[in-house]
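Please keep the sequence and the structure at hand while reading.

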Amino acid sequence: MPNNILSGKVGRRLLLTTGLVTAAVAATGLPAIAPSAFAKEEAVAKAAPKQTKPLVIRNIAIGEGKPKTIVPITAKDPASVRSFATKIGADPSIDLIEFRVDYLEIALNAEAVAELSKDVAGAINGKPLLLTFRTKAEGGVTAIDDKAYAGFYETIVKKGKVDLIDVELVRDEKAVRRIVKAAHAAGVAVVMSNHDFQATADADELVRRLRKMEVLGADVLKLAAMPKDAGDVLKLLTATWEMRSRYTEKPMITMAMGGTGVVSRLTGELFGSAATFGMVGQASAPGQIDVHALQSVLETIHKAITGA
């Protein structure tokens, strides 16, 4: 193609077309858009997304490869907890175990829960253990005030045996910082979480919450919301991808709950969620599916993404 393309018939046609478009824009009274007007947005869109820095707990790298599977223990008494821990600890489809202590009849007895965590850790075949006191305010079973919440977790990280703890974002900030400091001093990682069982906020607000978790010292950022329709699921996935591509290198766990949001539990490897919750028996949140079916889908998606 000659360098002086604008001197021939094709060039005259291009100039004529450009002139007509310019005239049409002028006729509308709207300002013409300079070629560089979207340069910043285009640069962001073309920029390579941030790469997750995996959090390695025991032999599990959270944030590397396909999303890791987490199964909760929701038993109410110590004997049932130990029995179920042994069962799921032997299951190769499960990567991490969550100990939902708010289900326990002894939930508010931090010393007793700390001792029980040692039994659970010893029964799960070396899998990482995440201990969670999901408060009643965020969909859990047992209510607890901020002062007691902070004291509970301080006891757990000092006297128990856990690899990670779940700390809710929407608690008193001083209490949250106190827990994070104690956990890190004890070599325990922090999953900071926020749960909305009523609705799904706009993507910008979801990103704001995730960024606040990072500011407060979280090692893993977790967010769950309840969608009313597919549009809300897209908000959650958009926030996850935006957070991953623009703001953080830390692992995230995000999900839209209920049946409507189940796709978000399956597609984390594509959008930036590093782990997902499955169930064996009783679900701990709406929308969880059997961990064996979950693992199969995750493997299928992983192969499609990586070409393996």
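## Terms and overall composition

A residue is called buried when its relative accessible area is under 20%, and exposed when that value is over 50%. The model discussed here is predicted. Its protein chain has a secondary structure of 11 helices and 11 strands, and 49% of the 308 residues count as buried. Among contacts between residues at least 6 apart in sequence, 73% join residues at least 24 apart.

## Helix 11

Helix 11 covers residues 291–306, and its 16 residues reach 22 Å from the first C-alpha to the last, close to the 22 Å expected at 1.5 Å a residue. Its buried residues are Val-291, Leu-294, Gln-295, Leu-298 and His-302. Because these residues cover an arc of only 95 degrees around the axis, they are on the same side of helix 11. The face turned away from that buried side carries the exposed residues Thr-300 and Ala-304.

The buried residues of helix 11 pack against strand 3 (68–73), helix 9 (262–266), helix 10 (268–271), strand 10 (275–279) and strand 11 (289–290). At the start of helix 11, a side-chain oxygen of Asp-290 comes to within 3.0 Å of the backbone nitrogen of His-292, while just after the helix Gly-307 takes a positive phi of about 75 degrees.

## Helix 8

Helix 8 spans residues 230–247, and its 18 residues reach 25 Å between the first and last C-alpha, close to the 26 Å expected at 1.5 Å a residue. The buried residues of helix 8 are Asp-232, Val-233, Leu-236, Leu-237, Ala-239, Thr-240, Glu-242, Met-243, Arg-244 and Ser-245. The elements that cover them include helix 7 (203–215), strand 8 (220–225), strand 9 (252–256), helix 9 and helix 10.

At the start of helix 8, a side-chain oxygen of Asp-229 reaches to within 3.0 Å of the backbone nitrogen of Gly-231. As for Tyr-247, Arg-211 lies over the face of this residue, at 3.9 Å from the ring centre.

At 1.5 Å a residue, the 14 residues of helix 4 (residues 110–123) should span 20 Å, and the end C-alpha atoms are 20 Å apart, so the two values agree. The buried residues of helix 4 are Ala-110, Val-113, Ala-114, Leu-116, Ser-117, Val-120, Ala-121 and Ala-123, and they pack against strand 3, helix 3 (78–89), strand 4 (96–100), strand 5 and helix 5. Just after helix 4, Asn-125 takes a positive phi of about 60 degrees.

Leu-104 is placed in the loop between strand 4 and helix 4, and with a relative accessibility of 4% Leu-104 counts as buried. Leaving aside residues up to four places away in sequence, Leu-104 touches Ala-75, Lys-76, Asp-77, Val-81, Phe-99, Val-113 and Leu-116. Val-113 and Leu-116 are among the buried residues of helix 4. The C-alpha atoms of Leu-104 and Pro-78 are separated by 7.9 Å, although these residues are 26 residues apart along the chain.

## The loop residue Thr-142

Thr-142 is found in the loop between strand 5 (129–132) and helix 5 (146–159), where it counts as buried because its relative accessibility is 15%. The side chain of Thr-142 reaches the backbone oxygen of Asp-102 at 2.7 Å. Not counting residues up to four places away in sequence, Thr-142 touches Asp-102, Ala-107, Leu-108, Phe-133, Arg-134, Thr-135 and Lys-136.

The structure holds 3 aromatic pairs. In one of them, the rings of Tyr-149 and Tyr-153 have centres 5.2 Å apart and planes at 85 degrees, so the pair is edge-to-face. Both residues lie in helix 5, 4 residues apart, about one turn of the helix, and both are buried. The rings of Phe-152 and Tyr-153 have centres 5.6 Å apart and planes at 80 degrees, so this pair is edge-to-face as well; Phe-152 is buried, as is Tyr-153.

Phe-133, Tyr-149, Phe-152 and Tyr-153 form one aromatic cluster, and Phe-133 is also one of the residues that Thr-142 touches. The charged end of Arg-171 sits over the ring of Tyr-149, 4.6 Å from its centre.

Definitions and conventions: Residues are numbered from 1 along each chain as its sequence is written. This is a predicted model: local features need pLDDT of at least 70, side-chain atom pairs count only at pLDDT 80 or more; totals for chains, interfaces and linings use all residues. Side-chain values use heavy atoms; hydrogens and water are left out. Helices (H or I, at least four residues) and strands (E, at least two) are DSSP runs, numbered from the N terminus. Buried means under 20% relative accessible area, exposed over 50%, partly exposed in between (1.4 Å probe, protein chains only). A polar contact is a pair of N or O atoms within 3.5 Å; within protein, one must be able to donate a hydrogen and the other to accept it, and residues adjacent in sequence count only if both atoms are side-chain atoms. Contact means heavy atoms within 4.5 Å. Rings of Phe, Tyr and Trp (its six-membered ring) pair if their centres lie within 6.5 Å; planes under 30 degrees apart count as stacked, over 60 as edge-to-face and the rest as tilted. A charge sits over a ring if NZ of Lys or CZ of Arg is within 6 Å of the ring centre and within 35 degrees of the ring normal. The expected span of a helix is 1.5 Å times one less than its number of residues. The arc is that of the directions from the helix axis to the C-beta atoms.
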